[in-house]
Amino acid sequence: MVCLKHPDREAAVVCAACGKPLCAECVLHADGADYCSENCHRKGLEAGKRSVEVIRSSAESNKRAGKRALLWLIVIIIAAVAGWYFYQHNHKQIHKKVNQVTSSVREGANEAINAGKGAMPQDTKYKRDRESLVR
């Protein structure tokens, strides 16, 4: 790679802002980086400031997200403890209600099955013909 301004010289570094190849004579050393001009040096400083701002705002955002997650964890733990406490003090009533609902559902299912059986003819010529094929 050759210097952009001196094609007869080998490039020693590239500009930190624009990436142009530079020889040792063309390099502007500033703030721990190599630049091709004052304009690129200024652009590099502005980019650095923006990078610092982005990193800072990202860190603040991550802190807020962590606080939200911790708050949700606390809410879930409180809800679980409240549920356990409620169950411990009302388990007899809960089991009684569950059994009532379960038996009500079973009765409704049996009624529906019986109603379906009563609505459908149990013995038809078609059914007898099909059963005779199976035997």
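Is aspartate 31 buried or exposed?

**Figure 1. The whole protein, a predicted model.** Residues are numbered from 1 along each chain as its sequence is written. In this predicted model, local features need pLDDT of at least 70 and side-chain atom pairs count only at pLDDT 80 or more, while totals for chains, interfaces and linings use all residues, and side-chain values use heavy atoms, with hydrogens and water left out. From the N terminus, the elements run β-β-β-β-α-α, giving two helices and four strands (DSSP runs, H or I of at least four residues for helices and E of at least two for strands, numbered from the N terminus). The C-alpha atoms fill a box of roughly 105 × 60 × 20 Å along the principal axes. The radius of gyration is 41 Å, whereas a compact globule of 135 residues would have one near 14 Å (taken over C-alpha atoms; the globule rule is 2.2 Å times the number of residues to the power 0.38).

**Figure 2. The largest nonpolar core and cysteine 26.** Eleven residues form this core: Cys3, Cys15, Leu22, Cys23, Cys26, Val27, Ala30, Ala33, Tyr35, Cys36 and Cys40. A nonpolar core is a set of buried Ala, Val, Leu, Ile, Met, Phe, Trp, Tyr and Cys residues joined through side-chain atoms within 4.5 Å. Buried means under 20% relative accessible area, exposed over 50%, and partly exposed in between (1.4 Å probe, protein chains only). Across the protein, buried residues make up 10% of the 135. Setting aside residues up to four places away in sequence, cysteine 26 touches Cys3, Lys5, His6, Tyr35 and Cys36 (contact means heavy atoms within 4.5 Å).

**Figure 3. Aspartate 31 in its loop.** Here is the reply to the opening question: aspartate 31 is exposed, with a relative accessible area of 59%. This residue sits in the loop between β3 (28-30) and β4 (33-35). For background, most residues other than glycine have a negative phi.

**Figure 4. Histidine 41 in helix α1.** Histidine 41 is buried, at 12% relative accessible area. Beyond its neighbours within four places in sequence, histidine 41 is in contact with Leu28, Ala30, Asp31 and Tyr35.

Figure 5. Serine 61 is partly exposed at 33% relative accessible area, while asparagine 62 is exposed at 52%. From the C-alpha atom of serine 61 to that of isoleucine 113, 52 residues apart along the chain, the separation is 59 Å. Asparagine 62 and cysteine 26, 36 residues apart along the chain, have C-alpha atoms separated by 42 Å.
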